[in-house]
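Q: I am new to this structure and would like to take a close look at one part of it. Please begin with that part and then widen the view step by step.
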Amino acid sequence: MFAITGPIGSGKSFVSSIIREAGFEVLDADALAHELYKKNSELQKKIAQEFGDEAIDENGINRKLVSNIVFSNPKKLELLESIVYPILLNEIEKINPVFVEAAVLYKCPEFAKRMKEIWVVEASEDLRKERLLGRGIEDGRVEAQRVESGELRVESFVRKVDNNGTKEECKSKVLELLVGLIPNIVFRDISLKKYTTFKIGGVARFFAEPETMEEIKILLAWCLEFKIPYFVLGKGSNVLFDDNGYKGLIIKLSKFNAANTLHSLIQNAANQGLGGLEKLEGIPGTIGGAIFMNAGAHGQQISDCIKSVTSIAANGEIITRTKKECEFSYRTSIFKKLSTLNSQLSTQTIISAEFNFTPMPKEVINKNRKEVLAWRKAKQPLQYPNAGSVFKNPNSQSAGYLIEKCGLKGFSIGDAQISELHANFIVNKGQATAKDVKALMEKIVQKVKEVHGVELEAEIIYPPSSPAPGPSSKI
Ligand SMILES: Cc1cc2nc3c(=O)[nH]c(=O)nc-3n(C[C@H](O)[C@H](O)[C@H](O)COP(=O)(O)OP(=O)(O)OC[C@H]3O[C@@H](n4cnc5c(N)ncnc54)[C@H](O)[C@@H]3O)c2cc1C
């Protein structure tokens, strides 16, 4: 946990807002304390005992009355703190936030001990008074929360955030401090358009292309510590990113066995007279993406030849699963199932796989490859950006056929169009947005249900732009 603290008027809330905007969780301990005043009967009882029954009202605590008492009498302030802090600390510990903005908790050694770093926002007393008077708060509270040198009774690492200048100056100082908390292989605000075959999507808040296992581990540990949600990306040939991007970390794999293309896997196998996956030729994804999706075509699917798959979990644990343990079925796998669970702790990054191919004459393998490629060229709208089949085939029926029978071929919303060539493909005719594509998908689902009584299920993956907070460091 990191604390943002400092005396009243120093600008803690402003610093917190910069940290939040930068993508980190900040718990407002003051707001939490007020929640507790409202609902924690033990706390209410103790306050009533010391400050009288009138100190408790329907809002929890009678702020005006209690403030008047404690800010005119330091002993009473200490008394209030000694009642509130233990209960508040307990609650903060349960939540275990990344940052906690905590008014004067820094005076409490118990609190300080739990902090990895304490960021003390500093502003001169004159400036604080000026700011507080601007907010209609009188001088007394400035005096009560005076920070004399040496008053900070803590052993944790303390950083000072100088807020004596302009808001812009303060912001750049905070951002500088935050840079120190972000691994140096992580980039910010990267457009996702160029990382997907759909050429659609906003900006990734954080983006990294790890090249070694060590780097993956650093990223995962960072996500764990700072509760940053993450999404593993292959070639982006089955993903529709939101127009608002992704407010987490995109881990783009490119230097790992699982990041090699399906094409290179099939080619290498063919060179050695090994077949079994050659009909997947033309699927523009990576081995990892194909395993996650259990990609398939023309009666073959990647799981046919899988021997084992090795992945790394959010907590850094490396697991090798047998084919059976991968729980493959139509367009799904254990990896996909795990990724949809609430806790991101279960998300797996596939790093490598072992295959059992079938010895076959090279001519047969290459003939099959050529045939499926020619089929794709004739049947799929490859001249426009797309993400392959949008819907799964329901109960062995062709989703494309069902959509076509609804007369939807060529129907567009914005620049997103249901392909004239293949009704289960949506193509980006130029500036299509994720909103256009989703609206088109809704239209398809509704029409197919109406006409055929069949519920289509999306095959493409669309990560939410604001995913649930990342894995909690409390496992
Ligand atoms: C023109 C075209 C034709 C297509 N034809 C077919 C087809 O015939 N059959 C078919 O099944 N699909 C097809 N697809 C869809 C797509 O190519 C496949 O699903 C492919 O396997 C996705 O791989 P990818 O690397 O692009 O994964 P991405 O699109 O990057 O990711 C897809 C999902 O896999 C996850 N993922 C990717 N890599 C990893 C990893 N290393 N570890 C953990 N999770 C990972 C992602 O988080 C995401 O949820 C087609 C797509 C296009 C554009």
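Which residues does Lys 116 touch, not counting residues up to four places away in sequence?

A: Leaving aside residues up to four places away in sequence, Lys 116 touches Met 1 and Phe 2, where two residues are in contact if their C-beta atoms, placed from the backbone, lie within 7 Å. The model is a predicted one, in which local features need pLDDT of at least 70 and side-chain atom pairs count only at pLDDT 80 or more, while totals for chains, interfaces and linings use all residues. Residue numbers start from 1 along each chain as its sequence is written.

Lys 116 sits in the loop between helix H6 (109-113) and strand S6 (117-122); helices (H or I, at least four residues) and strands (E, at least two) are DSSP runs, numbered from the N terminus. Lys 116 is exposed because 12 other C-beta atoms lie within 10 Å, given that a residue is buried with 20 or more other C-beta atoms within 10 Å of its own, exposed with 12 or fewer, and partly exposed in between, the C-beta atoms being placed from the backbone. Although Lys 116 and Lys 129 are 13 residues apart along the chain, their C-alpha atoms are separated by 30 Å.

Another loop, the one between helix H7 (125-134) and helix H8 (140-144), holds Gly 136, which counts as exposed because it has 6 C-beta neighbours inside 10 Å.

Turning to a pair of helices, the axes of helix H3 (residues 41-51) and helix H5 (residues 74-95) come within 10 Å and cross at roughly 170°, the axes being lines fitted to C-alpha atoms over the stretch in contact, with angles running from 0 to 180 degrees between N-to-C directions. H3 is therefore roughly antiparallel to H5, since angles over 145 degrees count that way, whereas those under 35 count as roughly parallel, 65 to 115 as roughly perpendicular and the rest as oblique. On the H3 side, Glu 42, Leu 43, Lys 46, Ile 47 and Glu 50 meet Leu 79, Ile 83, Val 84 and Ile 87 of H5. By class, this contact of H3 with H5 has 6 nonpolar, no polar and 3 charged residues, where Ala, Val, Leu, Ile, Met, Phe, Trp, Tyr, Cys and Pro count as nonpolar, Asp, Glu, Lys and Arg as charged, and the others, Gly among them, as polar.

Helix H4 (residues 63-70) contains Arg 63, which is partly exposed because 13 other C-beta atoms lie within 10 Å. From Arg 63 to Ala 353 there are 290 residues in sequence and 62 Å in space, C-alpha to C-alpha.

Of the 34 residues around the ligand, Gly 234, Gly 285, Gly 288, Gly 289 and Gly 388 come nearest, a residue being near a molecule if its C-beta atom, placed from the backbone, lies within 6 Å of it. Two or more residues of this shell are given by each of strand S10 (230-233), helix H12 (287-293), S13, strand S17 (348-355) and S19, and H12 supplies the largest share, 5 residues. The shell has 18 nonpolar, 15 polar and 1 charged residues.

Two residues with a positive phi complete the picture. His 298, in the loop between strand S13 (296-297) and strand S14 (300-301), has a phi of about 50° although it is not a glycine, and it is partly exposed, with 15 other C-beta atoms within 10 Å. Ser 396, in the loop between strand S19 (386-389) and helix H15 (399-405), has a phi near 60° and counts as exposed, with 6 C-beta neighbours inside 10 Å.
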